[in-house]
Amino acid sequence: MRFIYQTWWKVLAVVIIFYTLVAGFLLGVPRLPILHETIRNTYFHVPMWIAMFTVFTISVIYSIKYLQTGKEEYDLIAVEAANTGIFFFVLGLITGMLWAKYAWGEYWSNDPKQNSAAIAFLLYCAYLVLRNSIDEEQKRAKISAIYNIFAFPVMVVLIMVLPRMTDSLHPGNGGNPAFGKLDMDNRMRVVLYPAFIAWSLMAVWIATIRYRIRLIEYKKNAIN
Amino acid sequence: MAVKAQNAQPVEMADKMRSEGKIYVVIGTIVIVFTGLAIYLFSIDRRLKKIEKEK
């Protein structure tokens, strides 16, 4: 856990994001109808979801660790990682809606991808509501850890699996070409993959700051 | 006549920021925004470190 207090990976995240901001606008991209320059949104919209997956995964890992050990700190990590994940969830939804307005015609066209993302969002809101409804600390930690372990795979199925089994406007679904196959080339990959790493680190950084604040609050309450 | 002769020759100016539909200005803006955010996050991190050391 020493690593959360170190600086090098935070600097790395910032440097890589600067690179994607400049390269993302200047490097060439495929010329596609409808999308035009909005294809560059890929560099900023998709990393929000990757960052969300990263912190939600950390959240589940620490929920499992909590159930194994009963260490209160692990529960605090799980909550704050989930909180940060929800923040990036909202960013992903909003950037997706803006892009959808200009690519699909409507902010919200009840597309399977959009709808199931909205349901998954409610799933994680329920996690926070569940936590706040239980006063007793250990009971709260235990029940919400179990809920989290069930919510995570359901979220993955809702966002990654179900929309791909039906027709969807979103790339990678139904009969649509995925960015990975037809629409994207190596010029985009040199920006997109670093962006995934950098925004994931960014989300982890924010989650660690939230955890450290919560840890101080927790210790303060324990003394009194 | 003199003015016309001047216009005929391209004049060297610092036009990089105005080229390609002024996209460099947009890059400048988002880089400034992100610089601010990064500095803000680092300063929060530093303040937290101080509080943690007090304990």
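This is a predicted model: local features need pLDDT of at least 70, side-chain atom pairs count only at pLDDT 80 or more; totals for chains, interfaces and linings use all residues.
Select helix H2(B) and pick out its buried residues: Tyr24(B), Ile27(B), Phe34(B), Ala38(B), Leu41(B), Asp45(B), Leu48(B) and Glu52(B). Their cover includes H1 and helix H7 (186–223) of chain A. Now view H2(B) end to end. Its 32 residues reach 47 Å from first C-alpha to last, close to the 46 Å expected at 1.5 Å a residue.

Show side chains at the contact. From H1(A), look for residues including Val14(A), Phe18(A) and Phe25(A); from H2(B), residues including Ile27(B), Phe34(B) and Phe42(B). By class, this contact has 17 nonpolar, one polar and two charged residues.

Move to Glu52(B). Its salt-bridge partner is Arg212(A), with the closest N and O atoms 2.9 Å apart. Glu52(B) sits in H2 of chain B and Arg212(A) in H7 of chain A, so the pair joins two chains. Arg212(A) is buried, at 0% relative accessible area.

Glu80(A) is in helix H3 of chain A, 134 residues from Arg214(A). Arg214(A) counts as partly exposed at 27% relative accessibility; Glu80(A), at 4%, counts as buried.

Finish at Asp75(A), which forms a salt bridge with Arg131(A) at 3.0 Å between the closest N and O atoms. The pair links H3 and H4 of chain A, 56 residues apart. Both Asp75(A) and Arg131(A) are buried.

Definitions and conventions. Residues are numbered from 1 along each chain as its sequence is written. Chains are lettered from A and ligands numbered from 1 in the order in which they are written. Side-chain values use heavy atoms; hydrogens and water are left out. Contact means heavy atoms within 4.5 Å. Helices (H or I, at least four residues) and strands (E, at least two) are DSSP runs, numbered from the N terminus. Ala, Val, Leu, Ile, Met, Phe, Trp, Tyr, Cys and Pro count as nonpolar, Asp, Glu, Lys and Arg as charged, and the others, Gly among them, as polar. The expected span of a helix is 1.5 Å times one less than its number of residues. Buried means under 20% relative accessible area, exposed over 50%, partly exposed in between (1.4 Å probe, protein chains only). A salt bridge is a side-chain nitrogen of Lys or Arg within 4 Å of a carboxyl oxygen of Asp or Glu.
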